[in-house]
Amino acid sequence: MDVIGDLVARDRRSDDLAVRTDSRAGSYSYEKCCTNAWKTGNILRHYGVRGGATVAVDAGDPLTPPPLLALFGACLLGATTRFDPGESPSAKALVAPAARADAYDPDPGTKTFVYGDVPDDPEFAHFEAEMWSENPTAPPDRVDPTDTALAAADREFTHERLLSAAERVVDEYGLAADDEVSVRAPLADPGTVVAGVLAPVAAGATVLVDRESTGTVAVASGDAADNAPEPAVVDPGDVL
């Protein structure tokens with residue numbers, strides 16, 4: 001795999017569980033995850049996101065699939081995802097929970113997508129509704145491994161660096177298809193994105209976003225790491 005979009009390539013579709021939420025209806029098989037990642041890329045592309053653009057994402061709490069789809073969709077276009085958007089994000093697109101969308105004052109020209117509830121503001125696009133009607137094919141954009149895929153604070157990370165770090169997590173923790181990796185740290189930490197999202201997807205495992213359930217590996221730090229019920233814990237601070 002050379003770029004993050006390869007994690008959601010056509011040949012990776014299957015009935016295996018890619019993302020598990022607190023309800024089976026909200027969970028994603030690899031087939032659904034790949035298809036909806038392509039749809040998300042096409043949505044963002046329709047609103048002007050291209051290589052070099054930034055997609056700001058508020059991952060919400062609890063974590064749900066839309067922020068993960070925004071990451072993969074942006075990566076398919078060669079755009080950069082930022083999970084620490086700040087109050088006034090400078091981005092081509094902002095993806096945020098409906099309950100918090102009004103808290104942001106993005107730059108002019110930023111398209112705001114809200115997920116969860118239907119937005120009250122007609123200027124906001126409803127992420128799920130837009131995705132439902134989008135073309136289920138992979139975007140045609142060409143992405144280079146040296147393109148920036150993720151930014152946080154004053155740091156930037158390329159596709160190749162993130163995938164290399166994900167491979168190290170897979171190898172060190174022996175991640176396999178029967179693992180469930182519980183995300184117990186914020187995606188604003190790039191190490192969480194690597195260990196909690198990219199590594200399990202690379203291994204064909206499951207990203208567990210239901211914090212009431214117990215996985216086989218947790219991604220957590222501080223008190224959350226000390227109290228994690230999983231038998232193995234990855235500290236996101238040690239990943240990159």
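Visitor: Does E180 count as buried or exposed?
Guide: This is a predicted model. E180 has 18% relative accessibility. The cut-off for buried is under 20%. So E180 counts as buried.

Visitor: Which side chain meets E180 in a salt bridge?
Guide: The N to O distance in this salt bridge is 2.8 Å. The partner of E180 is R20.

Visitor: How many residues apart in sequence are the parts that E180 and R20 tie together?
Guide: The side chains of E180 and R20 meet in a salt bridge. E180 lies in strand β10 and R20 in strand β1, so the pair ties together parts whose separation in sequence is 160 residues.

Visitor: In the salt bridge of D58 and R100, which loop holds R100?
Guide: The side chains of D58 and R100 meet at 2.5 Å, N to O. D58 lies in the loop between β3 and α2. R100 lies in the loop between β5 and β6.

Visitor: Is D61 buried or exposed?
Guide: D61 forms a salt bridge with R211, with the closest N and O atoms 3.7 Å apart. The relative accessible area of D61 is 58%. The cut-off for exposed is over 50%. So D61 is exposed.

Visitor: In which sense do β8 and strand β9 pair, parallel or antiparallel?
Guide: Four bridges join β8 and β9. The sense is antiparallel.

Visitor: Which residue takes a positive phi in the hairpin of β8 and β9?
Guide: This hairpin has two residues between the strands. The phi is near 55°. The residue is A153.

Technical notes:
Residues numbered from 1 in each chain as written. Predicted model: local features only at pLDDT ≥ 70, side-chain atom pairs only at ≥ 80, totals over all residues. Heavy atoms only, no water. Pairing = 2+ DSSP bridges. Salt bridge = Lys/Arg side-chain N within 4 Å of Asp/Glu carboxyl O. Buried < 20%, exposed > 50% of the residue type's maximum accessible area, 1.4 Å probe, protein only.
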